[in-house]
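Please read this briefing alongside the sequence and the coordinates. The points are grouped by topic.

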Amino acid sequence: LLEELGSGALFDARDLAAYRPRVEPALAEAWEGMTLLAPPPPAGGVPLLQFLLLATRRGDFSGGMASFRAMDSLGHLLCRIHDARARTVGDPAFGAPDASRLLAPDHLESLADAPPPAEPAAGDAGTTQLCVLDAEGNAVSINTSLGYNAGVFSGRWGFPLNNALSCFDPRPGRFESLEPGKARYTGCAPVVGLRDGAAALVAGA
């Protein structure tokens with residue numbers, strides 16, 4: 001891959017050799033009689049959990065689950081959560097708030113009561129989510145994403161490259177500024193729900 005990218009790449013063999021994955025325990029949050037397991041920051045588990053927790057408290061289901069009132073109230077919650085995400089969800093090792101703060105009741109209420117954000121721009125499709133829960137209780141939630149891809153296709157290896165560095169802010173001194181060793185935000189949020197210790201729900205985004 002490095003040979004194919006040539007001298008214009010922003011990384012080299014030393015970067016790949018020095019890379020180490022960071023394995024962390026899943027977040028565990030009680031919801032509707034289940035325990036939801038979701039990835040911690042800077043992955044997208046917190047925004048998804050924020051939405052589910054607020055949906056049960058602030059969603060308007062008076063006209064039914066699929067009514068206009070329900071969709072409108074849930075859509076407004078999603079817009080507020082997405083707007084706040086860029087200012088709050090980041091790598092805790094670099095000073096971003098941890099999950100316990102972002103899921104605290106007072107923070108959730110402040111999200112729900114925040115002014116509505118400007119209408120977000122539509123994004124391109126580049127993400128695949130696969131959820132499987134079989135009769136034996138085996139559960140899988142897999143998310144793969146190119147973001148909206150870099151427009152560069154590897155002719156040798158047969159796949160397009162992602163544009164994941166765009167999740168960093170190129171300007172120094174900001175919440176999501178690019179720094180060595182820093183994990184960037186990702187919206188990927190595979191979730192498994194347990195009831196009485198067994199998988200009962202699989203979701204993801």
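This is a predicted model: local features need pLDDT of at least 70, side-chain atom pairs count only at pLDDT 80 or more; totals for chains, interfaces and linings use all residues.

**Helices α3 and α6**

- Helix α3 covers residues 45-58 and helix α6 covers residues 105-113, and their axes come within 11 Å of each other while crossing at roughly 75°.
- Because angles of 65 to 115 degrees count as roughly perpendicular, α3 is described as roughly perpendicular to α6.
- On the α3 side the residues that meet the partner helix are Q50, L53, L54, R57 and R58, and on the α6 side they are P105, H107, L108, E109, L111, A112 and D113.
- H107, which is found in helix α6, has a relative accessibility of 12% and therefore counts as buried, the limit for that class being under 20%.
- Leaving aside residues up to four places away in sequence, H107 touches Q50, T88, R101 and L102, and Q50 is also one of the α3 residues that meet α6.

**Salt bridges**

- Side chains of opposite charge can pair when their charged atoms come close.
- The count of salt bridges in the model comes to 10, and the pairs described here are among them.
- R58 forms a salt bridge with E109, in which the closest N and O atoms are 2.7 Å apart.
- The side chains of R14 and D12 meet in another salt bridge, at 2.7 Å from N to O; R14 is exposed, with a relative accessible area of 66%, whereas D12 counts as partly exposed at 26% relative accessibility.
- D169 forms a salt bridge with R171, the closest N and O atoms being 3.0 Å apart; here D169 counts as buried at 13% relative accessibility, while R171 is partly exposed, with a relative accessible area of 44%.

**Backbone geometry in the loops**

- The peptide bond that joins P41 and P42 is cis, with omega at about 10°, and P42 is placed in the loop between β2 (34-38) and α3.
- E32 is a residue other than glycine, yet its phi has a positive value near 50°.
- The place of E32 is in the loop between β1 (27-31) and β2, where its relative accessibility of 52% makes it count as exposed, the class that begins over 50%.
- D196 likewise has a positive phi, of about 55°, although it is not a glycine.
- D196 is found in the loop between β5 (191-195) and β6 (198-203), and at 81% relative accessibility D196 counts as exposed.

- F175 lies in the loop between β4 (139-145) and β5 and counts as partly exposed at 31% relative accessibility.
- From C-alpha to C-alpha, F175 and G95 are 8.5 Å apart in space, although 80 residues separate them in sequence.
- With residues up to four places away in sequence left out, F175 touches A86, R87, T88, V89, G90, A96, P97 and K182.
- T88, one of these contacts of F175, is also touched by H107.

**Nonpolar surface**

- A nonpolar surface patch of about 840 Å² is made by L1, L10, F11, L16, W157, F159, L165 and L178.
- Within this group, L16 has its place in helix α2 (residues 13-18), and L16 is exposed, with a relative accessible area of 51%.

Methods
Residues are numbered from 1 along each chain as its sequence is written. Side-chain values use heavy atoms; hydrogens and water are left out. Patches are made of residues with over 30% relative accessible area and no salt bridge: like charges are joined within 9 Å, nonpolar side chains (Val, Leu, Ile, Met, Phe, Trp, Tyr) within 5 Å. Accessible areas come from the Shrake-Rupley method with a 1.4 Å probe; for residues, only the protein chains shown count as cover. A salt bridge is a side-chain nitrogen of Lys or Arg within 4 Å of a carboxyl oxygen of Asp or Glu. Helices (H or I, at least four residues) and strands (E, at least two) are DSSP runs, numbered from the N terminus. Buried means under 20% relative accessible area, exposed over 50%, partly exposed in between (1.4 Å probe, protein chains only). Axes are lines fitted to C-alpha atoms, for helices over the stretch in contact, and angles run from 0 to 180 degrees between N-to-C directions. Angles under 35 degrees count as roughly parallel, over 145 as roughly antiparallel, 65 to 115 as roughly perpendicular and the rest as oblique. Contact means heavy atoms within 4.5 Å.
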